[in-house]
Structures are given as C-alpha cells and as structure tokens.
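Please work through the following exercises with the sequence and the model at hand. Each task is followed by a solution in steps.

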Amino acid sequence: MKKKLKRYSRQILIEEIGEKGQEKLLSSSVAVVGCGALGTFTAENLVRAGVGIIKIIDRDFPEISNLHRQLLYDENDVKKKIPKAVSAAKKLKKMNSTVMVEPFPDDLNVNNIDEILTDVDIIFDGTDNFETRFLINDYCLKNNIPWIYTSAVSTFGMTMNIIPGKTPCLRCIINDLPVPGSVITCETAGILGVTAYFISSIEVIEGIKIILNKNNINKYLIVVDVWKEEIDKIEVNKDKNCPVCSGKKYEFLKKKRKILITGICGMNKFYITPWKPQKISFERIAERLKSVGKVTYNNYLLKVTLPEYQIVLFADGRVSIEGVKDEKEAKSIYSRLFGC
Amino acid sequence: MLKIKVKYFAGFRTITGKKEEKIEIPQKTTISRLLEKLKIPGGEKKLILINGNRQPDNYHLKENDEVSIFPPIGGG
C-alpha cells in the first residue's frame, strides 16, 4: 500500500471503497456551503475520509448559542470573533494536514459563486436558508455539478441527492421561496445537535458514493425524526414544469431574482425586500418568534425586539433590521429568524 | 367517492397526530379542497406531492392517489 494511503487503511478495507476508491476521493474537490451544525459535521467527516480539496464557505461568526451543536468551534473562537470558515479550516487542517482546506469567510451569492465554486466536483449543503439553496441549485443544474440538499431543524432532518440530468432538482419539490416566517428555523424551533449529525451522516455517505460513481445512490427525499426513530423515503419525480431542470431558467443566477438589501446610511439599519410582494399572516409567526425576543404586532407590521436588534416584518414581506453593522449580518439575522 | 391515501411527514405528524390515513373524497376534489377538509392549521408552508409529482392546487385527485404532505426544512 502506498504511504499516502496508509492513514486510510481501515477505510480502504471497506470493499466498496478499496485503494482505487480512496485514490478517487483524494483527487476530488468538494465544497461545503454553510458551516453550522450540518457543515461542521460534514466537513470533518470529509476531511478525515480524505477528500483532496475542501472549500468551506460561511459568512457568520461563532456564537455561544452555536456551541451545543456546531462541532468545530469552541469558547475561544466565540471570544476572539474568528469567522466560522477560518476557525473551521484551522481545526480541519489539524485533523488531516494532507488535505487542502480553503476557507471563504463570505456570503455565497450571485457575484462570487463562479469564483468560489470553480472546479468543485460536488457541493454539500450546510446552509440555513432557501435563497442560497436555490442559487446553488441553479448553479449546479447549469454547470452539471451534483449537490446534496440537506437540512435540519428541531428533531427533523431532510436530504436529497440532486444529480443534473438524472434526478429531480430542489425546485421540482419547492416551487418558490417560502413566504418569510412560514418555515420553522433553528432560531425559532430549536435544534438537537444529533438531528444535524444524523442527516449529515447520510449526506456524507451519499456524497462519497457520488464521488466514487456508485450506482446505488439514494433516489428519494429522505425525512427523519431522530426523536421518534423515524426514517422515511418520499418518492419524488421530475416536475415537467420545473423552471430549472425542465425550463433551464436559472433565475437565481440573475440579480433581479435576488432579495434586495438596502442599507440606511449611518443608521445601522437595513431593509430586506423579497423579490416579489408576499401576503403575511402575523399570528403564527408571532407565536414562533416569541421564544427569540419580545414580539408585538398589528394588522400592518410585526416587531421583534432583541437585546441588540430591532426587527420589523411588514405585511408585504419586507423586513427592516436595526442594529446590524453590514449587509452580511442583516442577511444572517433574516435567514435565522425567517428561514428564507 | 374516491379512496385516497394521505401521508404526513415531519412536523405534520405532530400537528395531525397521524403518520397516514385513508380517506374518501368526492369526485373532482382539488388539492386546495383536500387541505380544507384535512383541517391542518394554516401559516405553515406545506409541500405536497401526488404520487411523487408536484401538481397545481386545482389538480383533481384520482382514485388511489397517494398524497405526501411535508414542510420545507431549511435550517442548517
């Protein structure tokens, strides 16, 4: 056995991998977009398994409320305010110095996606919002790159392999961006660390199978409830009216489909406008957000007051966030509270 | 009347207290009408597939259709 393969000897013993498979993993280039609970687990397992190059993309900084589930961060990272991507990369390099780890402490968006994701063989989902997922979906379908949709909240997890030309894509299931507040988020409904690790384990094994060109990749949308030990597979077929895999309209790669973020000069205030007006019902959203901060609402707006931020959701879906220093922070708060 | 099967996933199992149910519906029942009949509380975004296919809200359900109802899960 070649010297460089020795550290993987126990993995190579797995018949489905072998030396040939390990060589293939070592020559692969992958990206993990979002490095929270899903992303840290996925990245660590890919690095230990010996992928050749791994790109870590995340726009956030570790917070104390992340530490119960986000495996690559510690109290020191929170104190020093080191970006997640940088902190994660540093730890990953210690786990396997033979793998190339590239941190991108940035928001993945239409302006930088080509540059960041260039030459990757597969993309692993660790994001916390659907706008980024729709962007990744467009990018992957356009450029013929497989990606694995994966998500977790509360005790529920979901994952689906998306292989251009072979499987349905994310937009075959989710037609359009959910209305702000209509989906539960880790911020509003909580999350058990093991929910993310469980569903990420499936993501990693499926990713390895895709890299190794195996023919037994999962073709279903997998849904788990770790609390109730339930694992279900939902049959999903291609939607003949899908705007992406059938229509080849890559709307999220065009700037006009992005949510619009505008800053108010000198006020630490940003407005986020969905790409099209929405009809918001405040009652359920208020119920969900009351665990996060003080919530008040009337027919026209819903206000959430947190120690550092003041957030207002208007009935047409616009959101103003006060107390943030830049666009990146505004977008981060928006995703965490409203899941979009 | 038509016989169909409705399967719930993730949070909708908690909300309805059921994994699945077999129900009878009148001919020409649409997806929108079915959701009213099932009385699932509003506000939550629902993803619905009929036999694995996404269909418009005015799709007329057919005998033996299998309806899957699940939420979009977005956290990470």
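The exercises below concern a predicted model, in which local features need pLDDT of at least 70, side-chain atom pairs count only at pLDDT 80 or more, and totals for chains, interfaces and linings use all residues. Residues are numbered from 1 along each chain as its sequence is written, chains are lettered from A and ligands numbered from 1 in the order in which they are written, and side-chain values use heavy atoms, with hydrogens and water left out.

**Exercise 1.** Determine which residues form the covered face of strand S12 of chain A, and identify the bridge partners of A:Val304.

*Solution.* Strands (E, at least two residues) and helices (H or I, at least four) are DSSP runs, numbered from the N terminus.
Step 1: S12(A) spans residues 301–305; A:Leu302 and A:Val304 lie on its covered face, whereas A:Leu301, A:Lys303 and A:Thr305 lie on the uncovered one. In a regular strand, side chains alternate between the two faces of the sheet.
Step 2: Two strands pair if DSSP finds at least two bridges between them. S11(A) (residues 294–297) pairs with S12(A) in the antiparallel sense over 4 bridges, and a hairpin of 3 residues links the two. Here A:Val304 is the bridge partner of A:Val295.
Step 3: S12(A) also runs antiparallel to S13(A) (residues 310–314), joined by 5 bridges, with 4 residues between them in a hairpin. On this side A:Val304 has A:Ile311 as its bridge partner.

**Exercise 2.** Is B:Glu44 buried or exposed, and which side chains of chain A does its side chain meet in polar contacts?

*Solution.* Step 1: B:Glu44 sits in the loop between helix H2 (31–38) and strand S3 (47–50) of chain B.
Step 2: Its relative accessibility is 15%, so B:Glu44 counts as buried (under 20% relative accessible area; exposed is over 50%, partly exposed in between; 1.4 Å probe, protein chains only).
Step 3: A polar contact is a pair of N or O atoms within 3.5 Å; within protein, one must be able to donate a hydrogen and the other to accept it, and residues adjacent in sequence count only if both atoms are side-chain atoms. The side chain of B:Glu44 makes such contacts with the side chains of A:Arg284 (2.3 Å) and A:Arg288 (3.3 Å).

**Exercise 3.** State how many salt bridges are counted between chain B and chain A.

*Solution.* Step 1: The criterion is a side-chain nitrogen of Lys or Arg within 4 Å of a carboxyl oxygen of Asp or Glu.
Step 2: The count is 6 salt bridges; B:Lys19 and A:Glu230 meet in a salt bridge at 3.7 Å, N to O.
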